[in-house]
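I am opening a notebook page for this chain and want to go through it step by step.

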Amino acid sequence: MVELENRVLRFAPLVLCLSLGVYAWTLGDPADWGMIDLKVYWSLAPNVLTDRLYDVNMPFTADFPLPFTYPPFAALVFLPLSALPWLAARVVWQVLSLVCLWWLVRTALKLLAGRAGEPYDLRWSRRALLWTAIALWCEPVRKTLDFGQINLVLVAGVFAAMVATRRSVAGLGVGAGAGLKLTPGISVLYFLATRRFTAAVWSAAGFAITVALGFLVSASDSWRYWFELLGAADRVGPVGSAINQSLRGALSRSLGFDVRTSWPWLLAVAVSGVLTWLALRAAARAGDELAAVVTVQLFGLLVSPISWSHHWLWIIPLVLWTAYGAGRPGRVALGAAWVVVTGADVITFLIHRQPSIWEIPRPWPLAALGWVYPALGLLTLAVMPRLLPAPQRSDVTL
C-alpha cells in the first residue's frame, strides 16, 4: 500500500495541474464569471466611507437585492479589492482562493505529520498537492469559488491562526477573523478547551480592535450593524433554502416554518453541545489537535443560524484526519461518507428542486435529504470518541 501511494504521489504535481486546467476550462472567459458574492464585496464596500454601507443593496438577482452583511471592518479589508477593475478583481480573488485551498490542506497535513512524528517532507508536500487537486471538486469548494465567497480565505487564515505556536498570533488571527465574519468566533472554544487562555484574551483584543476600526471609519454604520442588524438571519438570506445546512435550516424545512430559537432548535443545540463536549474530551485525552479543531468548527456550523453549504470547508481537514490520523477502524468509512456526499453535490440537486428559496416547507423526501450535512455532522461528533486512539498525556483538557 505504501509503495502504491509513493507511485501515485510522484504524479501529484501533474494531477494538480490537470485539475486546475480542467477547472479553468469549465470557468471559461473571466468576463463571464458571475461571482455574485464577490460583486457585493467589491461594489458595496466603498459605501463605508460615506456612512451608507447598509443603506445600499445590489439589485443583482431576481430573488432579492443583496446587502452587505458583514461588519464594517470587513468593508475596510475589501477596499483594496474594490479599487481594481471588476475583471481584475475576479481573477485575483480566484487565484487567492485557490492558494488558500492549498494552504488549508497543507496546514492540516502539517499537523498530521507532526502527530505521526514525521517531518513535513517532500512526501507530505506531494500529498498536499494531490489532496488540493481532489478538494477542488467538492461542493463546498466549488460553491465558494463560483460565488466568489470569502470562505476559503477566511477558513485557511483562521485555521493557521488557531494552531499557531505563539499565543498572540493565534488570538489576534482568530479575533481578526471574527471581526470579518463573526462565525470564526467559535474558535475561542478551542482555545478554552486547550487551556490557551492567553490566546483567548488576545482573540477578544483582536476582535475589539476590528470593532474600533469600524467605528473609527464609520460610527453610524458600526452602530447600526452592532445594535440593529446583528442577529437578523433573514437579512442574510432565506433560512429555509436547501443551501442553508445548519440545524435551524434543516429543522425549518422539516417542520414547515422557521423554528428560530424555539424548543426544537434549543433541543438540537443541546444535543450538539453534549456531543461536542464528549468529542472534545476524547480529543483532549488522545492529544489530537486536529480532531479538537474540527470538532469545534463542526459545532459552530451546526448551531449557526445560517451555514451555507459552502461554509462547510472544515470537512476538508476532517477527511484528511480520517485518511492519515492515528485512530481506530471506522474513520476511513466516515471520511468516505463525506467524500461521497460533498463530491455528489447533493445540495445543488436540492436547490434545483425546491419550490423557491423562500418557501420553507418541503416534500418529505427533499426535507429528509436536506439534513445531509447537519446529520452527517452530528454523526461525526457522535462517533469521534470511538475513532480516536487510546488516551495519552496532553495539554488539551476539559
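**Entry 1: salt bridges**

I began with Glu-139, which forms a salt bridge with Lys-143, and I noted that their closest N and O atoms are 3.4 Å apart. I keep in mind throughout that this is a predicted model. Both Glu-139 and Lys-143 lie in helix α7 (residues 139-147), where they are four residues apart, about one turn of the helix.

I next looked up how many salt bridges the structure holds, and the number is eight. One of them joins Arg-127 to Glu-5, with the closest N and O atoms 2.8 Å apart. This pair links distant parts of the chain, for Arg-127 is in helix α6 (residues 122-135) and Glu-5 is in helix α1 (residues 2-10), 122 residues apart. I noted that Arg-127 counts as buried, with 5% relative accessibility. Through shared partners, salt bridges join Glu-5, Arg-123 and Arg-127 into one network.

Another salt bridge is formed by Asp-288 with Arg-115, and here the closest N and O atoms are 3.6 Å apart. Asp-288 lies in the loop between α15 and α16 (289-303), whereas Arg-115 is in helix α5, so the pair ties together parts that are 173 residues apart in sequence. I compared the burial of the two partners: Asp-288 is buried, with a relative accessible area of 1%, while Arg-115 counts as partly exposed at 29%.

**Entry 2: two packed helices**

I turned to helix α15 (residues 263-286) and helix α21 (residues 372-387), which pack at an angle of about 35 degrees with their axes 8 Å apart. Their crossing is left-handed. Which residues make the contact? On the side of α15 I wrote down Ser-272, Leu-275, Thr-276, Leu-278, Ala-279 and Ala-282, and on the side of α21 Leu-378, Leu-381, Ala-382, Met-384 and Pro-385. Sorted by class, this contact has nine nonpolar residues, two polar ones and no charged ones.

**Entry 3: the nonpolar core**

I looked up the largest nonpolar core and found that it has 121 residues. Those with the most contacts inside this core are Phe-68, Val-141, Phe-159, Ile-316, Trp-321 and Trp-338. Helix α5 (residues 86-115) gives the most to the core, with twelve residues. I then followed Trp-338 and left aside its neighbours within four places in sequence; its contacts include Trp-312, Ile-315, Leu-318, Val-319, Tyr-373 and Leu-376.

**Entry 4: backbone angles**

Most residues other than glycine have a negative phi. With that in mind, I marked Asp-51, which has a positive phi of about 60 degrees although it is not a glycine. Asp-51 is found in the loop between α3 (36-44) and α4 (72-82), and it counts as partly exposed at 37% relative accessibility. I also marked Leu-182, whose phi is positive, near 65 degrees. Where is Leu-182 placed? I found Leu-182 in the loop between α9 (167-181) and α10 (188-193), and at 30% relative accessibility it counts as partly exposed.

Methods:
Residues numbered from 1 in each chain as written. Predicted model: local features only at pLDDT ≥ 70, side-chain atom pairs only at ≥ 80, totals over all residues. Heavy atoms only, no water. Axes fitted to C-alpha atoms, helices over the stretch in contact; angles between N-to-C directions. Left-handed = near helix turned anticlockwise from the far one by under 90°. Contact = heavy atoms within 4.5 Å. Nonpolar A, V, L, I, M, F, W, Y, C, P; charged D, E, K, R; others polar. Core = buried A, V, L, I, M, F, W, Y, C linked by side-chain atoms within 4.5 Å. Buried < 20%, exposed > 50% of the residue type's maximum accessible area, 1.4 Å probe, protein only. Salt bridge = Lys/Arg side-chain N within 4 Å of Asp/Glu carboxyl O.
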